[in-house]
Amino acid sequence: MKFTRREWIRLASTFGATQLFGGRGTSGQPQPLFVEVPPSASGIEWVHENAMSPSRYLPEALGPGCAFLDYDNDGWMDIFLVNSGPSDFWTPSKPVRNALYKNNRDGTFADITEKAGVTGAYFGMGTAVGDYDNDGWPDIFVTAYGKCILYKNNHDGTFKDVTEKARVATPGWSTSAVWFDYDNDGRLDLFVCSFVDYSGVRKLECGNNQIGRNYYCVPRVFKPTASSLYHNNGDGTFTEVSKGTAIAKALGKGLGVVATDINNDGRMDLFVANDTVQNFLFMNRGPGSNGRWIWEEVALQAGVGFSESGRPRSGMGVDAADLTGDGWQDLFVANVDHEMFSVYENNKDETFRDAAQAHGVARATRLLSGWGLKYFDYDNDGSADLLLADGHPDDMIDSYSMQVKYKEPLLLFHQGLDRKLHDISESAGPAFQECLAARGLAVGDYDNDGAIDVLIGTNGGAPVLLKNNAAKGNNWLGLKLEGVRCNRDAIGARILWKAGGKSRQRLKNNGGSYLSSHDLREVLGIGDAAQIDELEVHWPAPSKRIEKFTSVASNRYIHIVEGKGIV
Amino acid sequence: MRLKRDALAGMWKSAFLLILSFGTIARAQTPQELVQDAIQKQQAGDLEGAIAEYKQFLKLHPEATAAIHSNLGAALAGLGRFEEAVPEYKTALRQSPALAAARLNLALVYYKMGRVAEAATELAKVHSEDPSNEQATLLLGDCYLRMGREKDVIRVLEPEEPKHPEDAAIAYMLGTALIRDKQVEKGQLLVDRILRNGDSAEAHLMLGSAKMNVGDFAGARDEFAKAVALNPNLAEVHVLYAKALVLTGDSDQSSKEFKAELAVDPFNFDSNLQLGATSRQEQNYEQANRYFTRALKTRPGDPGVRYQLALIALDEGKPDDARQMLEPLIRESPQFTEAHVSLSLAYYRLKRPADGKREQEIVQKLTAEAQAKQPGAKAQ
């Protein structure tokens, strides 16, 4: 990493020296905020096969997703990477498989894919990890062009394909998916984004581009489709319950989804980013008089369906977080170049305002196309920050655009005391100067140091693992929440904490980003406070129990079980 | 800009012919000496002095002839005082509707003010009365081109083209209109004619337009860049280059080119619209309003500009203002999907959910129709 003295002085004065230098009050050489861990150091040698063909079939351009998960419950985050595979337009000439890497607890990983039995069978896209059977072991759902696969965790380092029994195959082209408990019955349900109707016998080729070659079609030319909502029956099977609801009526081209509670009514809502058609905001209205669950699609009136110019954008990645610290969930959507990304701030009345300009996000993203992204507190100062992974979908764009490139840089935004997001990418380290064909992005603390790390899937390339050095100056508390009456992953829990005189709260959303799944633990940043003075966990329904803790020591992970406290 | 300079030179000359003819009439009495002195000052370039004397004369003789008002208008226009010149020309024309030179001058003032539509109205009258007036014809074609009325450009200039086969300005305007009107082959013939005369800005502009029409945006961009280099004052050269730059992803340079166009022609419609939209996106509403106001002067009532103004109202939390702008807009343009989206949002903001839902359903219907027209819909 090369920084000029002037750059460092500016950074130090802007963000505080302790956030920039590796260690509290150390006088050593400055370290980048995030450091790329090369395959030679991590042992992650797997490379994504995008199957790029002269015909440029669109599924080639959209993967891959990735995940942090603790598949063996040893307290260390493992890594799952999704690959392409056989399809009706591609027969691999050599074996292509997903990858599951076990965390060796020393910064390296071991490939245990074959033993685990999660190699995949279709043209994989993304993944959603969740403990759908409440047995305490994470299960893996893989979306695909073709069919999805649900891998049930056997508790012994292996998985079993239970897709058919579970009835969640979802034929077609599925992209992002999210586990959440929409009816608060204590079991995780599943929402699966469907992209476009790509089922034609003759795959559409969009003809020659300006350099006389086939190119990836803009999805506008394909028919939209409805996404699927599966209710967890509690016996290992699921029932598709979207039929007859607003979810089935809303024909879209879903790429990203986040489950969150927009109106703080205790029911998880869904925000779906669609490509070239309007986004969807499905409000969870609870059971109707006939027992059927009511979903209301309100994106237009909420101001999150279209651009401010009334045009649908090419929504890809999404996320939700309480960006402004007012207890209400704000939204984010990454779009394609020249559409600018959206920072939707919650007006607390089921409407939003796009504050992308005010945050400087619009200007910074004007020429970028965003996929994976996450609101998270990378420096543990207590406020949500933002990381964006970018890349243009058209691999030939460099040939006919003067400014837009196929490979694009990551962007890192730090939330300042002014509650605004500040683009600090230029100063965040060499990883942010590199250009990637980035797609999925997952966050997780793979080395258990309380600093949330980042994993990025790149199209046709090796995954990028970024180790977080930026949080070392601040204290933190890590929480593993275990639901008992509520869903075991405690999706929908609200965490309130007070430290150093500052009160903060966080809703445990699920999903977000693109095709990817994150470390389910929550890391609470407390800045220079020595401990958390007060901690409350508001468990989601059905119990809605509130548990309180005081004087919780920092810089460690604790395990809280619903009704049993810290165990 | 060659086209504008030639045509405008003709216009000013006609103004002085008018002055001289008046001078011949008014000579004997003292007030007439006042006018004579004003004319001499005007001819000598002392426009302030001439204006003062014309105005003095008008105080003494408010019933003065059309020629005096026309001369005063010309002197005011010569100083760039277009807003004051307009009523003088209008008075002259009320008194003598057949005063073609005054009408031509009024059109010229409108043109200079960016009120292209009003200029075209006056020029059309001149052209109708005297189709042989080449200056009026040429300017009328230029106005129509700026207004996006390609078929009118063709109607006006096509009969002129055989009479002036070597006139690059006519070939340029007519060729551009033909190409934009999808009559590419006919337009290409005019391009070839210009090309025969060497490496000209006009030729590159027309080639660029042709490439834009077939979707070769990078090729168009390169042609326009050459045209800008050869003649940066050519009509619309910057705006076309800017559009090609937008389509090839260089929005920074495109903004510079839109601004360069405004430096040459402050009332260029596309530049004002585009820069206004950019300013609105950047939430610089004051600047956006300035651009849009100028765009509306060029194309009064343009739906695109009115829509942008409605968006500003929505952005600024004035949904009822937005509603009032959007309702007539969708009555005039029922297929304007974005306007339906924004009107729906305005209704929801105004707590009129039934109206909001109705507009939303229209959006869905229009979107589905558009989707069905996509090539992929057929391929599947």
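Author: In α5(B), the residues B:F82, B:A85, B:V86, B:Y89, B:K90, B:A92 and B:L93 meet B:A102, B:R103, B:N105, B:L106, B:V109, B:K112 and B:M113 in α6(B). Two residues are in contact if their C-beta atoms, placed from the backbone, lie within 7 Å. By class, this contact has 10 nonpolar, 1 polar and 3 charged residues. Ala, Val, Leu, Ile, Met, Phe, Trp, Tyr, Cys and Pro count as nonpolar; Asp, Glu, Lys and Arg count as charged; the others, Gly among them, count as polar.

This is a predicted model: local features need pLDDT of at least 70, side-chain atom pairs count only at pLDDT 80 or more, and totals for chains, interfaces and linings use all residues. Residues are numbered from 1 along each chain as its sequence is written, while chains are lettered from A and ligands numbered from 1 in the order in which they are written.

Now the geometry. Two packed helices are described by the angle between their axes and the distance between the axes. Helix α5 of chain B spans residues 82-95, and helix α6 of chain B spans residues 100-113. Helices are DSSP runs (H or I, at least four residues), numbered from the N terminus. The axes of α5(B) and α6(B) lie 9 Å apart, at an angle of about 155°. Axes are lines fitted to C-alpha atoms over the stretch in contact, and angles run from 0 to 180 degrees between N-to-C directions. That angle makes α5(B) roughly antiparallel to α6(B) (over 145 degrees). Their crossing is left-handed: the near helix is turned anticlockwise from the far one by less than a right angle.

Next, the chains touch too. The contact takes 28 residues from chain A and 27 residues from chain B. On the side of chain A that touches chain B, 10 residues are nonpolar, 10 polar and 8 charged.

Conventions: Helix = DSSP H or I, 4+ residues; strand = E, 2+ residues; numbered from the N terminus. Parallel < 35°, antiparallel > 145°, perpendicular 65-115°, else oblique.
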